[in-house]
Amino acid sequence: MTDAPLVLVVDDEADLLQIVRDRLESWGYRVLTARDGLEALAYLAAVRPDSVILDLKMPRLGGLEALPEVRRAAPETHIIVLTGSPNRPLAETCRARGADDFLLKPFDPGELLRLLARGRSRG
Amino acid sequence: MAGLLDVFRRRWRYRALEGLHEISQAFAAMTDIQETYGRLTRRIAELIGAERCVISLYEPRTREMVGQAPGYGVPDEIIRTFRYTVDTLRTAWNFRTQGPMVKNHPAEFPPVQWDYLRPFAVYNVTVVPLVLEGRIIGMVSMGNKPGGFSQNDVRLLTVFAAQAAVAIQNARLYTHLEESAQQLEAKVRSRTAELEATYRELAVSHARLRELDQLKSDFLSNVSHELRTPLAAIKGFVDNLLDGVTGPLADRQRHYLQRVLDNAERLTRMVSDLLDLTRIEAGKIELSAETVAIGEMLEDLVETLRPLTRDRGIALAAELGPCPPVRADADKILQVLTNLVSNGLKFTPRGGRVSLAARESPDGTVRIAVSDTGPGIPPEERDRVFDKFYQLSRVDGERPPGSGLGLTIARHLVELHGGRIWVEDGPDGGSTFVVALPAASSAETAR
């Protein structure tokens, strides 16, 4: 069980955290959840997840602002931005700040699984 | 004695001519009416050798002769009090029948005239009318010539008066013109100021409109985000349930949840369609043009959508021939074609067919046709299908309808590319949607 991949999910919406947690756990992932960028960075000081799923619009520290810090704290981690803002320039900005993938809410679970698997095979 | 008189007379005539000449030269060019009165009265008084001279003008409005300052030998404030009604004047003298009035002794003055003349302290007086084009426009009054006014003085004065009348008329006309010019200038100034004020108001309201437009855009993208968040939650929970994350489901539960999911997805599409259309209508869509191979795009599209068609028993195929590339925003064209194919699938009954074809047209466009074997669209409705929120009745009553904006967005996107979109008769009574886009070569030469 210790071999199960670890995913840190960062979102201020409790509903979304639960949806993603239940889904990932059903796929056999271990899941940590954080409510904003600061909580996420606190986790990253102690653990090294295989993937981070990061929302953009959050209180205290948003995903866009947290991205460079997250990347510095976890250079090998696969970072997926999961946002409700459909915007191509935004996706480019996220990639420039260290994100690997960009997924729109509402998301297709199959697509999320594919991205997570790709991150693991790459890592 | 006679010789001396002749010399005297000649000198007199010479001075008179000189005076006339000067008056006609100077006064014809004189434009300041005050200066005209001052110089005329002075010149005439000097020529005749009288101590006082005043010009009065007739005011038709009040029927009065009104003294005009400055005069000669009379203070301005006294001249300004001089108003003499013509009716009174007529009782004393009639210029038309009696000619110039000469009174060399105070005893000759009628009593009514005394009332007017007393302030001027005169002991003799000569008055000559100023006549212009047969009308009396005023008079020249002279007073206090030591030794009295001679017939010669009166003759000279009559000639001067004719010149003076012209000079006064010129000066009046000029003053009038100048006033008109000033009024015109003032009007131009005030109109210019009004225009400038209007322009400033327009600039302010323009800035305000831009601000409002920005607020609207911000609001819409916020609304879009706020609507997506709960939709994402609904879809996420239902996805989890349907995929058995919480355990197995009964068939009816699964059916109900599928309906919830379909509707949530439809609402999501409507939100993004509305946002798309708002951006397009606000001119906020920018195309990132690249060279697009339409054949490859159609093949990819068929591969992507084929899973949707199998369980509905509809054949989906692309018939591809040689076709030049187009210069286009690949994402936007894909969005248009996806919409057309999705529509085709929606209206095609089980066992039907949706096919895509692309070919070069002789008019320099690449024509992409999306055909279905659905019920077709009556000719009279073919333009209206591109209208906002226009919905056709569907054969497939199970699946929820779209946003009613797909074809409107498609038309906007095609037209942004300089292309056209329309509907024709399709195979087996169905419809064919045609998108014509400028071929890359012709689009390049058009630049």
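This is a predicted model: local features need pLDDT of at least 70, side-chain atom pairs count only at pLDDT 80 or more; totals for chains, interfaces and linings use all residues.
Which residue in β4(A) does A:Ile53 stand opposite? Select both strands to find that A:Ile53 stands opposite A:Ile80 in β4(A). The chain crosses from β3(A) to β4(A) through helix α3 (residues 63–73) of chain A, and this β-α-β crossover is right-handed (with the strands pointing away from the viewer, the path from the first strand over the helix to the second runs clockwise). Helices (H or I, at least four residues) and strands (E, at least two) are DSSP runs, numbered from the N terminus.

Residues are numbered from 1 along each chain as its sequence is written, while chains are lettered from A and ligands numbered from 1 in the order in which they are written.

Colour chain A by pLDDT, the predictor's confidence in each residue, from 0 to 100. Its mean is 88, with 94% of residues at 70 or more. Confidence is highest in strand β1 (residues 6–10) of chain A, at a mean of 95, and lowest in helix α4 (residues 88–96) of chain A, at 83.

Next, select strand β3 (residues 51–54) of chain A. Both of its faces are covered: A:Ser51 and A:Ile53 on one side, and A:Val52 and A:Leu54 on the other, are all buried (20 or more other C-beta atoms within 10 Å of the residue's own, with C-beta atoms placed from the backbone). β3(A) is joined in parallel to strand β4 (residues 78–83) of chain A by 4 bridges, and β1(A) pairs with β3(A), also in the parallel sense, over 4 bridges; pairing requires at least two DSSP bridges between the strands. A:Val9 stands opposite A:Ile53.

Move to chain B and display its open sheet of 5 strands, ordered β8-β10-β11-β13-β12 with mixed pairing. β8 (315–320) and β12 (420–425) of chain B stand at the edges, each with a single partner strand, so one side of each has no neighbour in the sheet. Centre on B:Glu319, whose bridge partner in β10(B) is B:Ala357. β8(B) and strand β10 (residues 353–360) of chain B run parallel, joined by 6 bridges.

Finally, show the contact between the chains, which takes 13 residues from chain A and 15 residues from chain B (C-beta atoms, placed from the backbone, within 7 Å). On the side of chain A, helix α1 (residues 14–26) gives the largest share, 6 residues.

Technical notes
A residue is buried if 20 or more other C-beta atoms lie within 10 Å of its own, exposed if 12 or fewer, and partly exposed in between; C-beta atoms are placed from the backbone. Two residues are in contact if their C-beta atoms, placed from the backbone, lie within 7 Å.
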